[in-house]
Amino acid sequence: MRRIILLLLVLPALAFAQMTPPTVAAKAWLLLDVGSGQTLTAEKPDERIEPASLTKLMTAYLSFAAVKNKTIALDQVVPVSERAWKVPGSKMFIEPNMPVTVKELIHGMIIQSGNDACVALAEVIAGSEENFVQLMNKEAARLGLKNTHFENSTGLPHPSHLASVRDLATLATAIIRDFPEFYPIYSIKEYTYNKIKQPNRNRLLYIDPTVDGVKTGHTDSAGYCLIASAKRNERRLISVVVGTTSDGVRAQESQKLLNWGYLAFDTVKVYTANQAVQEFRIWKGQENMVKAGFLNDFVLSLPKGDGDKLKANVVSQQPLMAPVAKGQAIGTLQLSLDGKPVGEYPLVALEEVPEAGWFGRLWDAIRLWFKNL
């Protein structure tokens, strides 16, 4: 297969003052631009750390999926086991003889960070917390969380219960993307169950009106942790900060990261959805050319103040053979800024190209044979 450079694109220069990343008082952190998928800054992004109650993102993800798949129902009454009732740590205060629904448990897990709610949900979904943990690890593998391993549904300390800030940002993104109907629960500031009102521990919900989630965590060994997400205009950023010294510090350092991300970067739409970036020669198909591009808007976060130009090479694998399905990867967009690589992004076919008849395939086979002599 030959790699052929087909296009050199130059975008207008950006003329703003560049800003260096902030110093963050935490063990590890990461700032993610959700729209572009870019990590804007990070410290120890792949180091395995104790996730504490940030674990509950995966418990929530599987709970949302179970409701969506009708394995459980929001109005379903869940029996409370002695194990769920007695689990240590933060609670929503469910009791064995008090009816509680799946909807109430989800709210108690997210807003009140109830460990008891997590165990009850795990048991109703998978029969036991142990079975549920197997589902958690299976889902972690499917989502590509390479440095994550779960031992429980709550985040209680265990030597093998680990994650990374990159994995946690990926998981938070998956919740926002896959379950938009449930994500607004993360912005609720307080919740009452069993006549006990508890506030959401995410301080940024009370300070920054653009913040709408996501989850706090704390144990003595993990320190104070926070995954925060803000949406300003149409741009969403997610910060993950772990291992800070207090509730106030985790909020302060998360706010610092979010503010820097919005001030230091612009979001640039490089291509619109279904815009042809390039046409590729295709062989043995009913058409001779196929349009390549992106099925969704392709956006990037670019640093303000970088006066050089964004450059892109479009690369195709040749010879490209029919049939080609719409959405099939058929090339690569290679981007660089100021001579430094930004990333490589797959280009997909914007249209289907069926295989030609026997004569068309034969004719192209002959032409390819002469072309390669």
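Trainee: Is S113 buried or exposed, and at what relative accessibility?

Mentor: Burial is judged from relative accessible area, and a residue under 20% counts as buried. This is a predicted model, and in it S113 has a relative accessibility of 3%, so S113 counts as buried. As for its place in the fold, S113 is found in the loop between α3 (102-111) and α4 (115-126).

Trainee: Which residues does S113 touch, leaving out those up to four places away in sequence?

Mentor: A contact list shows what surrounds a residue beyond its own stretch of chain. For S113 the list holds S53, K56, S90, G108, R201 and K215.

Trainee: Which residues does UniProt list for "active site"?

Mentor: An annotation is read as a record entry and then compared with the model. The unreviewed UniProt entry lists S53, K56 and S113 under "active site". These residues span 61 residues in sequence, yet no two of their C-alpha atoms are more than 7.8 Å apart, so they gather at one spot.

Trainee: Where does S53 lie, and which residues is S53 in contact with?

Mentor: S53 lies in the loop between β3 (38-43) and α1 (56-68). With a relative accessible area of 10%, S53 is buried, because the cut-off for burial is under 20%. Its side chain is joined to that of K56 by a polar contact of 2.7 Å. Leaving aside neighbours within four places in sequence, S53 is in contact with S113, N115, T154, G155, K215, T216, G217 and H218.

Trainee: At which residue does UniProt place the feature "binding site"?

Mentor: The unreviewed entry places that feature at K215. K215 is found in strand β6 (residues 211-219), and at 3% relative accessibility K215 counts as buried. Beyond the residues up to four places away, K215 touches S53, L54, K56, L57, M109, I110, S113, C225, L226 and I227. This list includes S53, K56 and S113, the residues that the record gives for "active site".

Trainee: Which residues does A230 touch?

Mentor: A230 sits in strand β7 (residues 223-232) and is buried, with a relative accessible area of 0%. Apart from residues up to four places away, A230 touches T210, V211, R235, R236, L237, L258 and Y262.

Trainee: How many aromatic pairs are found in the whole structure?

Mentor: Aromatic pairs are read from the distance between ring centres and the angle between ring planes. The search finds 9 pairs. In one of them, the rings of W260 and F265 have centres 5.3 Å apart and planes at 85°, so this pair is edge-to-face. Both W260 and F265 are buried. Elsewhere, ring pairs link Y61, F64, F179 and F182 into a cluster. A charge may also sit over a ring: R281 lies over the face of W283, at 3.9 Å from the ring centre.

Trainee: Which domains does the assignment give, and how far apart do their C-alpha centres lie?

Mentor: The assignment gives domain 1 (28-264) and domain 2 (272-372), with C-alpha centres 39 Å apart. The contact takes 9 residues from domain 1 and 7 residues from domain 2.

Trainee: What does the overall summary contain?

Mentor: The protein has 9 helices and 16 strands. Its C-alpha atoms fill a box of roughly 80 × 50 × 35 Å along the principal axes. Of its 373 residues, 52% count as buried. Among contacts between residues at least 6 apart in sequence, 67% join residues at least 24 apart.

Conventions: Residues are numbered from 1 along each chain as its sequence is written. This is a predicted model: local features need pLDDT of at least 70, side-chain atom pairs count only at pLDDT 80 or more; totals for chains, interfaces and linings use all residues. Side-chain values use heavy atoms; hydrogens and water are left out. UniProt positions are given in the numbering used here, feature names are shortened, and annotations may be inferred rather than shown by experiment. Helices (H or I, at least four residues) and strands (E, at least two) are DSSP runs, numbered from the N terminus. Buried means under 20% relative accessible area, exposed over 50%, partly exposed in between (1.4 Å probe, protein chains only). Contact means heavy atoms within 4.5 Å. A polar contact is a pair of N or O atoms within 3.5 Å; within protein, one must be able to donate a hydrogen and the other to accept it, and residues adjacent in sequence count only if both atoms are side-chain atoms. Rings of Phe, Tyr and Trp (its six-membered ring) pair if their centres lie within 6.5 Å; planes under 30 degrees apart count as stacked, over 60 as edge-to-face and the rest as tilted. A charge sits over a ring if NZ of Lys or CZ of Arg is within 6 Å of the ring centre and within 35 degrees of the ring normal. Domain bounds come from an automatic or database domain assignment.
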